[in-house]
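Please take a look at the protein below.

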Amino acid sequence: MAAEEFVITRVFGAPRDLVFKVHTECERLKHWWGPKGFTMRVCKLDLRPGGVLHYCLRSPSGEDMWGKVVYREIAAPERLVYINSFSDEHGNTVRHPHVPDWPLEMLNNSTFSEQGGKTILTLRWVPQNATEAERKAFEAGHKGAEAGFGGMFAKLDQYLAGISKEQEK
């Protein structure tokens, strides 16, 4: 039995090429990737199918949380498909530090479409190879995921607005 897919859509006031670019460059990811209050401390990126984004986020309380993305498909500027998981500092997949039944691997399919100079990002997230307990933890975590992505997308909105102001100068 498959877990219920988590879907979130957000409109950003920036062109699609730019929104895609800020998803695929470490120097840009460092400004917005992660939940509200978290900062990206480490970012290593090999942007190609099979390549890895390995990163470390620092929580407001000072806790480091490592993660990785393994890219499956990169179709600039329309789509990014990847497996996302928690990791250790060496890039080994590990369990969620606070939710032991969280799925080890999550498939993320992000699509970027442009309408009137704005970008519509639709993110689809579903566990891969998950046990029943992991599927239940994922479904129970939808509200938390919505809040986490909402905070991250608010940071992205703010970052994109700053880029636009810089370009106006």
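## Rings in the interior

Phe-12 and Phe-153 are both buried. Buried means under 20% relative accessible area, exposed means over 50%, and partly exposed lies in between (1.4 Å probe, protein chains only). The model is predicted: local features need pLDDT of at least 70, side-chain atom pairs count only at pLDDT 80 or more, and totals for chains, interfaces and linings use all residues. Residues are numbered from 1 along each chain as its sequence is written, and side-chain values use heavy atoms, with hydrogens and water left out.

A search of the whole structure finds twelve aromatic pairs. Rings of Phe, Tyr and Trp (its six-membered ring) pair if their centres lie within 6.5 Å; planes under 30 degrees apart count as stacked, over 60 as edge-to-face and the rest as tilted. Two of the pairs are set out here.

| Pair | Centre to centre | Angle of planes | Type |
|---|---|---|---|
| Phe-12 and Phe-153 | 5.6 Å | 85° | edge-to-face |
| Trp-102 and Phe-138 | 5.8 Å | 55° | tilted |

What does the pair of Phe-12 and Phe-153 tie together? Phe-12 lies in strand S1 (residues 6-12) and Phe-153 in helix H4 (residues 142-168), so the pair joins parts that are 141 residues apart in sequence. Helices (H or I, at least four residues) and strands (E, at least two) are DSSP runs, numbered from the N terminus.

The pair of Trp-102 and Phe-138 also links distant parts of the chain. Trp-102 is in the loop between S5 and strand S6 (105-115), while Phe-138 is in helix H3, 36 residues apart. Both Trp-102 and Phe-138 are buried. Ring pairs link Phe-6, Phe-12, Trp-102, Trp-125, Phe-138, Phe-149 and Phe-153 into a cluster.

## The core

The largest nonpolar core has 39 residues. Such a core is a set of buried Ala, Val, Leu, Ile, Met, Phe, Trp, Tyr and Cys residues joined through side-chain atoms within 4.5 Å. Trp-33, Trp-125, Phe-149, Phe-153 and Leu-160 have the most contacts inside this core. H4 gives the most to this core, with eight residues. Leu-160 touches Phe-12, Ala-14, Leu-18, Val-19 and Val-22 (heavy atoms within 4.5 Å), not counting residues up to four places away in sequence.

Which residues of helix H3 (residues 132-140) are buried? They are Glu-134, Arg-135, Ala-137 and Phe-138. Seen down the axis of H3, the buried residues fall within an arc of 160°, so they line one face of the helix. The arc is that of the directions from the helix axis to the C-beta atoms. The face turned away from the buried side carries the exposed residues Lys-136 and Ala-140.

## A buried threonine

Thr-119 is found in strand S7. Its relative accessibility is 0%, so Thr-119 counts as buried. The side chain of Thr-119 reaches the backbone oxygen of Ala-14 at 2.6 Å. A polar atom of that side chain also lies 2.9 Å from the backbone nitrogen of Arg-16.

## Backbone details

Most residues other than glycine have a negative phi, and most peptide bonds are trans. Asn-129 is not a glycine, yet has a positive phi of about 50°. Asn-129 sits in the loop between strand S7 (118-128) and H3. At 73% relative accessibility, Asn-129 counts as exposed. A cis peptide bond joins Ala-76 and Pro-77, with omega about -5°. Pro-77 is in the loop between strand S4 (64-75) and strand S5 (79-87).

Key:
Polar contact = N/O pair within 3.5 Å; in protein donor to acceptor, adjacent residues only side chain to side chain.
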